[in-house]
Amino acid sequence: MPHNAYELAIRGYALKLILGQLLLVIFIVSATYLGTDHKSTRSAALGGMIFLVPQYIFTRLSFLYTGSANIMRANTFMLLGHACKFALIFILFSVILPLPEIQHFYLFITFVLVMFSQIFSLLKPLPEQFPARSVLSEKATVKEAPGSVRIEVGKQHA
């Protein structure tokens, strides 16, 4: 798999996680809309957005650079993404919590559910950067000696 395809696979993996979290927020907001009043629905939507917006920014910054050639940039932008995510969550909470028509229970429960939904991303492993495949020709032989393995490869024809 070429390097660009790996980058796309990783970014796709992260964006699928965010899309799944957005669908979870939509489900929670729909459930509160059917079961309670509009204040609760608005609070649930805001709780989900307090997590999703910083998470999206973190994802965009973290996967801006990938690969071993950009390891320093990748690490720098990963740290910058974490800092932005933390700061933005703090700012959004400090702006939204004092609002008079916010139901704190629905705000926090939605935030926590969406945050803990990231655990499900651990169930699916990340794509492999270098998929395992056989690179030996038919003429290759493996000779095992005590303490070592020697691979002899015949001439390969294209």
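Begin with Met49, on which a kink of about 25° in α2 is centred; the bend at a residue is the angle between axes fitted to the seven residues ending there and the seven starting there. Helices (H or I, at least four residues) are DSSP runs, numbered from the N terminus. The model is predicted: local features need pLDDT of at least 70, side-chain atom pairs count only at pLDDT 80 or more, and totals for chains, interfaces and linings use all residues. Residues are numbered from 1 along each chain as its sequence is written, and side-chain values use heavy atoms, with hydrogens and water left out.

Next, select residues 38-62, the whole of helix α2. At 1.5 Å a residue, its 25 residues should span 36 Å, and the end C-alpha atoms are 36 Å apart, which agrees; the expected span is 1.5 Å times one less than the number of residues.

The contact (heavy atoms within 4.5 Å) includes Met49, Phe51 and Phe58 of α2 and Phe77, Leu88 and Phe93 of α3. Its residues divide into 18 nonpolar, 4 polar and 1 charged; Ala, Val, Leu, Ile, Met, Phe, Trp, Tyr, Cys and Pro count as nonpolar, Asp, Glu, Lys and Arg as charged, and the others, Gly among them, as polar.

Now select helix α4, residues 104-116, whose axis comes within 12 Å of that of α3, with a crossing at roughly 165°. Helices α3 and α4 are therefore also roughly antiparallel to each other. Ile89, Phe93 and Ile96 of α3 make the contact with Leu107, Phe108 and Phe111 of α4. These residues divide into 6 nonpolar, no polar and no charged.

Finally, show α2 with α4: their axes come within 7 Å and cross at roughly 35°. Residues of α2 including Ser40, Gly47 and Gly48 meet residues of α4, among them Tyr106, Thr110 and Met115. This contact of α2 with α4 divides into 10 nonpolar, 5 polar and no charged residues.

Definitions and conventions. Helix = DSSP H or I, 4+ residues; strand = E, 2+ residues; numbered from the N terminus. Axes fitted to C-alpha atoms, helices over the stretch in contact; angles between N-to-C directions. Parallel < 35°, antiparallel > 145°, perpendicular 65-115°, else oblique.
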